[in-house]
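This report concerns the packing of helices and the pairing of charged side chains.

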Amino acid sequence: MDTSSIKGIIVPIVTPVDENNCINEEAMARMVNYVIEGGVHGILAFGSNGEFFAIDKNEQRKALACMIKTAEKRVPVYMGIAGITTKECVETAKMAVEEGADGISILPPMFISPSEDELYDHIVAIAQTAPQLPVLLYNNPGKVGYGLSVKLVNRLAEVPNIVGIKDTSGNMTLTAEFIRTTRDKDFKVMAGKDTMILGSLAYGAVGAIASTANIVPELVVDIYNKYIEGDIEGSCEAQFKLTPFRNTFDKVSFPAGTKDACNLIGLNVGNSIKPNTTASPQVLDEMKEILTDLGYIKEKELMEA
């Protein structure tokens, strides 16, 4: 399996919806074009910032089809899979295959507490549903309630089409261990924390899956590109420019900050799905100030807002 395209900055794209939580296809296509023109190397549909937990499968299928059609193979489009039961996740994997996705990402089941053997069987069953597609694991202990161990990840890395992991643990030691222990397996480790992209690259990560790439794709891509070019100082400067913006998201109910910021720069992706609403006026003002300094909001637009 050729996994050479799994690198760089993959954006967990937001999902524009109307007041009935139905997909706004015009806004969805606009988002896809915006991030591709901003230089991202891939798109992840229905990651956590895509509000997978609030959108039914028929609407997910519609959105995925729109993303794939709009992307026109300019970058790979991955489908996020996140369900509590193996049956549900297998059905989503089948959908990804049917719609022509380029890969899938698997989040461990939330709420329940499976053993490592149960988790292994669950993930392998999903991967085997789509043997022709590369599979990225998704380690997010903060939201799931438990993490993927180094031992389990190495075991899963033996499965032919499980080829990488997004690590959102925020634990650089763990990220480094994922990299160190899979070096002989051509296993792709990607940063999941936007504030840790450069640090992860320094250890050997191949890129990042970064929510801020929805809004400031050029800046996020700059961290990766400059690092690959050997411009460590330039990469560090880009990382330090990004970090204050990413930190504003932590002042908003998750994952509403991403949509708030998209709307601030005129992408018009609609509201977050309730019970999430929007950031406080104080946080929105902070976002506006940072985005103005970064050049994503012009002074005239800020005055009119």
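## Charged pairs and a helix contact

Glu177 has a relative accessible area of 25% and is therefore partly exposed. The model in which this residue is described is a predicted one. Side chains of opposite charge can pair when their charged atoms come close. Glu177 takes part in such a pair, a salt bridge with Arg180. Both residues belong to helix 7 (residues 172–181), where they stand three residues apart, about one turn of the helix.

The structure holds 15 salt bridges. Three of them are listed below.

| Salt bridge | N to O distance |
|---|---|
| Arg180 and Glu177 | 2.7 Å |
| Asp222 and Lys226 | 2.9 Å |
| Glu88 and Lys57 | 3.2 Å |

Glu88 lies in helix 3 and Lys57 in helix 2 (residues 57–71), so this pair ties together parts that are 31 residues apart in sequence. Glu88 is partly exposed, at 34% relative accessible area, and Lys57 is partly exposed at 30%. Asp222 and Lys226, by contrast, both lie in helix 9 (residues 217–228), four residues apart, about one turn of the helix. Salt bridges that share partners also join Arg61, Glu98 and Glu99 into one network.

How do two helices pack in this model? The axes of helix 3 (residues 86–99) and helix 4 (residues 116–129) come within 8 Å and cross at roughly 25°. Helix 3 is therefore roughly parallel to helix 4. Their crossing is right-handed. Among the residues in contact are Cys89 and Val90 of helix 3, and Ala125 and Ile126 of helix 4. By class, this contact has five nonpolar, three polar and one charged residues.

Note on methods. Residues numbered from 1 in each chain as written. Predicted model: local features only at pLDDT ≥ 70, side-chain atom pairs only at ≥ 80, totals over all residues. Heavy atoms only, no water. Axes fitted to C-alpha atoms, helices over the stretch in contact; angles between N-to-C directions. Parallel < 35°, antiparallel > 145°, perpendicular 65-115°, else oblique. Left-handed = near helix turned anticlockwise from the far one by under 90°. Contact = heavy atoms within 4.5 Å. Nonpolar A, V, L, I, M, F, W, Y, C, P; charged D, E, K, R; others polar. Salt bridge = Lys/Arg side-chain N within 4 Å of Asp/Glu carboxyl O. Buried < 20%, exposed > 50% of the residue type's maximum accessible area, 1.4 Å probe, protein only.
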